[in-house]
Amino acid sequence: MVTPATGDSHSGGPFATGPAVAVVAPDGALTGWSPGAQRLLGYSAAEAVGRPAADLLASPLPRAARERLAGQDGWVGPVVLRHRDGHPAQPAPTPRSRFS
């Protein structure tokens, strides 16, 4: 799950256990990474934070999503992510991700 949130992913903080959470800045860069995100995608926080969130997508976002995000509107919808080893990883149990 990729969702805006607050908290420090490096020292545990609110994301020490539980779901995969990635914090995405308005410019699209990852600024936070939970242990759940590491379990889902295989990247440590040190490897993920700072890189573009779009690099983790297995395929481009739908056109409607890109248009909303270009206008700085939020978007909620299913995504398929790419694990570090290359296989697709779909968040479970509900593949809903929020980019804003």
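**Strand, core and loop contacts in a predicted model**

Proline 88 lies in strand S5. Here helices (H or I, at least four residues) and strands (E, at least two) are DSSP runs, numbered from the N terminus. The model is predicted: local features need pLDDT of at least 70, side-chain atom pairs count only at pLDDT 80 or more, and totals for chains, interfaces and linings use all residues. Residues are numbered from 1 along each chain as its sequence is written, and side-chain values use heavy atoms, with hydrogens and water left out.

Proline 88 is exposed, because its relative accessible area is 55%. The classes are buried (under 20% relative accessible area), exposed (over 50%) and partly exposed in between, with a 1.4 Å probe and protein chains only. Not counting residues up to four places away in sequence, proline 88 touches Val80 and Leu81. Contact here means heavy atoms within 4.5 Å. Serine 59 is 29 residues from proline 88 in sequence; their C-alpha atoms are 9.5 Å apart in space.

The secondary structure comprises three helices and six strands. Along the sequence the pattern is β-β-α-α-α-β-β-β-β. The chain has 100 residues, of which 36% count as buried. Among contacts between residues at least 6 apart in sequence, 32% join residues at least 24 apart.

Strands S1 and S2 pair in the antiparallel sense, over three bridges. Pairing requires that DSSP finds at least two bridges between two strands. The two strands form a hairpin with five residues between them. Glycine 28, in the turn, has a positive phi of about 95°. Valine 24 has leucine 30, in S2, as its bridge partner.

Leucine 30 itself lies in strand S2. This residue counts as buried because its relative accessibility is 2%. Residues up to four places away aside, leucine 30 touches Ala22, Val23, Val24, Ala48, Val49, Gly50, Arg51, Ala53 and Leu56. Alanine 48 is 18 residues from leucine 30 along the chain, and the C-alpha atoms of the two are separated by 6.7 Å.

In soluble globular proteins, nonpolar side chains tend to be buried together. In this model, the largest nonpolar core has 19 residues. Such a core is a set of buried Ala, Val, Leu, Ile, Met, Phe, Trp, Tyr and Cys residues joined through side-chain atoms within 4.5 Å. Those with the most contacts inside the core are Leu30, Trp33, Leu41, Tyr43, Leu56, Leu61 and Val79. Two or more residues of this core come from each of strand S1 (22-24), strand S2 (30-33), helix H1 (35-41) and helix H2 (45-48).

Tyrosine 43 also takes part in a charge-ring arrangement. The charged end of arginine 51 sits over the tyrosine 43 ring, 4.7 Å from its centre. The criterion is NZ of Lys or CZ of Arg within 6 Å of the ring centre and within 35 degrees of the ring normal. Aromatic pairs number zero in the structure. Rings of Phe, Tyr and Trp (its six-membered ring) would pair with centres within 6.5 Å; planes under 30 degrees apart count as stacked, over 60 as edge-to-face and the rest as tilted.

Serine 34 occupies the loop between S2 and H1. Serine 34 is buried, because its relative accessible area is 1%. A polar atom of the serine 34 side chain lies 3.2 Å from the backbone oxygen of proline 19. A polar contact is a pair of N or O atoms within 3.5 Å; within protein, one must be able to donate a hydrogen and the other to accept it, and residues adjacent in sequence count only if both atoms are side-chain atoms. Serine 34 and alanine 20 are 14 residues apart in sequence, with 5.9 Å from C-alpha to C-alpha.

Glycine 36 is in helix H1. At 6% relative accessibility, this glycine counts as buried. Glycine 36 touches Gly18, Pro19 and Ala20, not counting residues up to four places away in sequence. The C-alpha atoms of glycine 36 and alanine 22, 14 residues apart along the chain, are separated by 9.1 Å.

Histidine 83 lies in the loop between strand S4 (81-82) and strand S5 (88-89). Its relative accessibility is 15%, so histidine 83 counts as buried. The histidine 83 side chain reaches the backbone nitrogen of aspartate 85 at 3.0 Å. Neighbours within four places in sequence aside, histidine 83 is in contact with Leu40, Leu41, Gly42, Tyr43 and Ala89.
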